[in-house]
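This briefing is intended for reading beside the sequence and the three-dimensional structure.

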Amino acid sequence: MGSLDMTFQQPTIDLSPKVSDEIRQTTCYMCACRCGINVHLKEGPDGEKKVAYIEGNRDHPVNKGVLCAKGSAGIMQHLSPARLRAPLRRVGERGSGKFEEISWDEAYDLAVSWLKPIRDTAPEKLAFFTGRDQSQSFTSWWAQAFGTPNYAAHGGFCSVNMAAAGIYTMGGAFWEFGQPDWDNTKLFMLFGVAEDHDSNPIKMGLGKLKARGARVIGVNPIRSGYNAIADEWIGITPGTDGLFILSLVHSMLKAGKIDLPYLAQFTNAPVLVNEDPKSPEFGLLLTTEDGKHMVIDRATGKPAAFDEPSVQPDLAGTLRKAGISHRSVFQHIVEKYLTDEYAPETIAAKIGLPVNRINRIAADLARVAFDEAIEINQPWTDFRGTRHEKMIGRPVSFHAMRGISAHSNGFQTCRALHLLQILLGSVETPGGMRFKPPYPKPATAHPKPHCKVTPGKPLDGPHLGFTQGPDDLCLKPDGTPARIDKAFTWENPMSAHGMMHMVISNAHAGDPYKIDTLFMYMANMAWNSSMNTSGVMKMLTDKDETGEYVIPHIIYSDAYSSEMVAYADLILPDTTYLERHDCISLLDRPICEADSAADAIRWPVVQPDRNVKGFQSALIDLGARLNLPGFVTEDGSQKFKDYADYIVNHERRPGVGPLAGWRVGVAEGQSTHQPALQHGRGAPNAAQLDEYIKNGGFWQGHIPDEALYYKPWNMAYQDWAVKIGLFDKPAPYIFSLWCEPLRRFQLAAEGHGTRQPPDHLRERIKATLDPLPIWYAPLEDGHADPVEYPVHALTQRPMAMYHSWGSQNAWLRQIHGHNPLYVPTKIWEANKFAEGDWARVTSMHGEITVPVAHMAALNENTVWTWNAIGKRAGAWALDRDAPEAKKGFLLNHLIHELLPAKGDGLRWSNSDPVTGQAAWFDLRVKIEKVRAPARSYPNVPAQTSPVGQGPANVTQKIGGA
Ligand code: SF4
């Protein structure tokens, strides 16, 4: 038969079928990166538009069309059988998973019956904590109106060390607050970055670097993800990053490879420090009468305020004033880091790297920063009024995240990294790290924490903030903690994001006090979001001597039947991210780039087919029923119909609302609104959300060329930021290499001042709250015998998952269905492991039995696994024998929120002593081969879920009959 006949016989196939009837553009929420997506909709047989396909939005500032595996699997998140379907009231014992469906009115009535009496008498008895919530400016405002001091989101158990160290040191941090100058950097170094934080943006940035031939160095005990494509991998010993970084600082100083003009002009390196040990201001910075930091002016040799026009700060300045000697911060830096304590020869063995490799990396950094410096012909004017004809760039950039942050020495390690960046002059200069609006914003421009409770009234101010010294701690008049998580106390004085990981155990212990209602959103505390998972499940179900639950009421909101659902008394079912309104706001964690301010929305591209409600809309209803100020009008009726109404009409300050795009302009000198639309400041615009939808779901405002770099000191940037409403008047500042708030806490521990720490904390405060970055061994090292527990144990998040959401997603489960414990060659061989083997892993706190796998590209004393793949049988609508439940496991069973008691009989929190950051990665274990069990241990019994078990296959018909 000839070919012509064959063609004739072929069926007619449409090779380019129409993908969709309509495209709606919104923001992805399959992880926290907030990429823009095009959601393709097609009509189903029932006439309803259904989600057919998701692609990246090519015009979006975050992802420019790139979509990751998680993002494209959003359709399965939307169709998940684990979705909750209606409000639920517990009918069985707590933990039994037995609920009855109720109406929203019944749900609100029940919540109000618990919340109203405590608001009227003791608002602190509500603990309201949200997990991976992207609406914290709203949820915190609700909690403030309620009047409880007990609010925070999940930052305390995630990466507060990174954020707080960055903001205290330089007024900005990585990820949402700052990014490498991807277009100009020549050497990029990542520390402890797993693949889910800043996911698409980093992948796109790495792609740019690879295309240009720029060099990438990955520092991580585990060589996966970004580290796998790095030109050089440094498999550092966990918890020693700070030592490594400070040895690089030592080498730079020794070689004289630091940016002296940058340090003198833009940092507090030339500021004078009080040198008198007897002075109550010993170690504090000298100020003028109006509170400005003082330097010696090289031009005159005289003291001057740092910001006086044309002052030339002297890095070597000294001053004797009123009988007290003062020396510049820079002299302290040189003295501290040139000692042998930080010499590569001293620390090499501890961090697990040879001396010559440390020296070579230091030399590489110096060569690129100084010998390969770049210049941009763009004049700019600084805050002293000095005109600069060019922008000088040091093309070395860094990025770091949880790997260096989630240790009990993480705050000082993160500060050490910022010290290194600043010594190189590579922050806010071309080729270095760049801030994203609303940053730069120094710690002093942020609120301080507030905790004053008045029954029936709002809290006296925002909950979270940046303490500047002992006076800002959240203590009651009797010195006991004002907050249930003990944030902002002497134990963790700078806990800027709160300490969510301590809430349940403190509430259970009634320490510092008992609560009545625990209200949580999107935080799977009965499973992967808690340290000591089994202990937390018990705390949530424990009863007191009267037979009542120790935590009397638990309200929980989630979109899915997570493990935590069974432990709540009342469930407020949330929508999926395609069915809801959200704003990714400049008041919160927006989608800005270093070149632009930007914000975005989510909107219901499809309507829910269940009796569910966006959590924020439910909070608005609840706020009105509780009569909270801001949620009701003068006549007592509900002020905002729902969250969309709030997004459009709420004003945080006059003219500044949740969204900056398409506001209504008000002509100067006139009281009536003019019809013109403008961005940044302006009155609410009823059609604002329509404008966002027309523009692809986002707004972007570009920063003028003159303002693109040197932002903290660049008057063109400062003026632009005021114009769009980021702040109300120009606020230039210098970087704080010497972090004075730390020194104020140390001074108190040395006996100065009226607010004094308890005696048992004095030595720890003196040792850890050093105003210059230091390294100390992770606190668990002082408790776990290194001979008995010689192995470090870590988790990492996979690129294809975002916490427990991803590991129930039908498509993503096919990538990671279970999680072996990865074991390095040395330990693998010592235990004679073979593929298919299992091991018992034991820590000071617990024991697990898990499958093992060999991985050569791993620090030789470290084991690790993927985070949050293990599931409790019965949860998430999965088959009870799903691999996630049978072979999957959590390391959380090995970790405790408290360290074991030592000689002092006290149990210290397993957290950073500065910020309270949960020290997940301090964990030490021992490992031994065991016979393969039927399933991983501990085998937590299956739980009952209100959604039952999902079907084996999820199907959806679109595109006609
Ligand atoms: S990186 Fe995150 S936000 Fe972006 S597409 Fe992937 S899952 Fe969505």
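Trp876 lies in the loop that runs between strand E35 (862–866) and helix H25 (883–886). In this predicted model, phi of Trp876 is near 60 degrees, a positive value in a residue other than glycine. Trp876 has a relative accessible area of 2%; because buried means under 20%, Trp876 counts as buried.

**A further positive phi value**

- Asn532 is not a glycine, yet it has a positive phi of about 55 degrees.
- Asn532 is placed in the loop between strand E23 (517–521) and helix H16 (533–541).
- The relative accessibility of Asn532 is 13%, so this residue counts as buried.

**Cis peptide bonds**

- Tyr439 and Pro440 are joined by a cis peptide bond, for which omega is about 15 degrees.
- Pro440 belongs to the loop between strand E22 (433–435) and helix H15 (503–509).
- A cis peptide bond also leads from Tyr937 to Pro938, with omega near 5 degrees.
- Pro938 is located in the segment after strand E36 (924–930).

**Packing of helices H8 and H12**

- Helix H8 (residues 241–255) packs with helix H12 (residues 355–371) at an angle of about 65 degrees, and their axes are 9 Å apart.
- The crossing in which H8 passes H12 is right-handed.
- On the side of H8, the contact is made by Phe244, Ser247, Leu248, Ser251 and Met252.
- On the side of H12, the residues in contact are Ile358, Asn359, Ile361, Ala362, Leu365 and Ala366.
- Sorted by class, the contact of H8 with H12 comprises 8 nonpolar and 3 polar residues, with no charged residues.

**Cavities**

- The structure contains 9 cavities of 30 Å³ or more.
- The largest cavity holds about 210 Å³ of space.
- This largest cavity is lined by 22 residues, of which Gly192, Gly403, Thr795, Gln796 and Phe921 are the closest to its centre.
- Helix H13 (402–405) and strand E31 (791–796) are the elements that give two or more residues to the lining of the largest cavity.
- By class, the lining of the largest cavity has 9 nonpolar, 9 polar and 4 charged residues.

Note on methods: Residues numbered from 1 in each chain as written. Predicted model: local features only at pLDDT ≥ 70, side-chain atom pairs only at ≥ 80, totals over all residues. Heavy atoms only, no water. Helix = DSSP H or I, 4+ residues; strand = E, 2+ residues; numbered from the N terminus. Buried < 20%, exposed > 50% of the residue type's maximum accessible area, 1.4 Å probe, protein only. Axes fitted to C-alpha atoms, helices over the stretch in contact; angles between N-to-C directions. Left-handed = near helix turned anticlockwise from the far one by under 90°. Contact = heavy atoms within 4.5 Å. Nonpolar A, V, L, I, M, F, W, Y, C, P; charged D, E, K, R; others polar. 1 Å grid on protein atoms, 1.4 Å probe; cavity = no way out; pocket = protein on both sides within 12 Å on 5 of 7 lines; lining within 4 Å. Points joined across faces, edges and corners; volume = space filled by probe spheres on them.
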